[in-house]
Amino acid sequence: MKASIVFFLAAMMAAPAVAQDTQEASPQVALDNPPATAEDRAILHNFARCVAGRWPNQAAALIAGYSEREENRRALMRLVDTANSCLGRGVLRFSTMLFVGGMAERLLEQGARDTTLGARVALNPNGAPLSVQDQTEIMSICVVRAVPAEVETLFSSTPGSRAETAALQEIGPSIAPCLAQGAELRVNRPGLRAMLGLAAYRLVQHNATGEGAQ
């Protein structure tokens, strides 16, 4: 059986990973209502970029330890609660995965300088191996290394834009070869972008510092 990819518009990866009474948060934040439109995604993406730009150390720590464990959720929400100054107009409809992915993209920009993403994520045959959590992360890392220029173009696009759709279409053919035999990937487009953002950031950090090696 060949590997296959299923894109869908339901909120699988965009579903909120943190359950919290919205009355405890800012009136501008809807933690129980994930982004459903391009405008929603743009608001969340801009918020994530602002947070990573103003609190890069906290953002990097959260990305390094990103998981669904309760202590990591609490740390993430503490950062969100202190970032009211990053809220603009509109309602922030929250998704943990998209928020962390947006922060990863911003941190990648901060360290980019004049080097391409391809050069920053290239496999070092003499380096220590990178520890991974699951097959989804293996796929994401594989795609980033297979088509880094296309992934870099994706990160430069506005969420929900035609440019983003075009970039994802360019990346699409590289996904199936990166999946395990017989595996099926079910992910929506926002979730795929977030997964690639996290994978790219982890690769860059590993190559730069060796973190995550076993």
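Q: Which helices each supply at least two residues of the lining of the largest cavity?

A: Rolling a probe the size of a water molecule over the atoms shows where empty space is left. In this predicted model, the helices in question are H1 (38-54), H4 (96-110) and H9 (189-209). H4 gives the largest share of the lining, 4 residues.

Q: How many cavities of 30 Å³ or more are there, and what volume has the largest cavity?

A: The count comes to 2. The largest cavity has a volume of about 110 Å³.

Q: Which residues of helix H2 are buried, and why do they line one face of the helix?

A: Buried is taken as under 20% relative accessible area. In H2 (residues 56-64), Ala59, Leu62 and Ile63 are buried. Viewed down the helix axis, the buried residues fall within an arc of 100 degrees, so they line one face of H2. Asn57, Ala61 and Ala64 are exposed, on the face turned away from the buried side.

Q: Where is confidence lowest, and where is it highest?

A: The pLDDT gives the predictor's confidence in each residue. The protein averages 79, and 79% of the residues score at least 70. Strand E1 (residues 4-7) has the lowest confidence, with a mean of 42, while helix H7 (residues 148-155) has the highest, at 96. Over residues 1-27 the pLDDT is below 50, and this stretch has 72 contacts in the model beyond near neighbours in sequence.

Definitions and conventions: Residues are numbered from 1 along each chain as its sequence is written. This is a predicted model: local features need pLDDT of at least 70, side-chain atom pairs count only at pLDDT 80 or more; totals for chains, interfaces and linings use all residues. Side-chain values use heavy atoms; hydrogens and water are left out. pLDDT is the predictor's confidence in each residue, from 0 to 100. Contact means heavy atoms within 4.5 Å. On a 1 Å grid over the protein atoms alone, a cavity is a set of points where a 1.4 Å probe fits but cannot get out, and a pocket is an open set with protein on both sides within 12 Å along at least five of seven lines; lining residues have an atom within 4 Å of a point. Grid points are joined across faces, edges and corners, and a volume is the space filled by probe spheres set on the points. Buried means under 20% relative accessible area, exposed over 50%, partly exposed in between (1.4 Å probe, protein chains only). The arc is that of the directions from the helix axis to the C-beta atoms.
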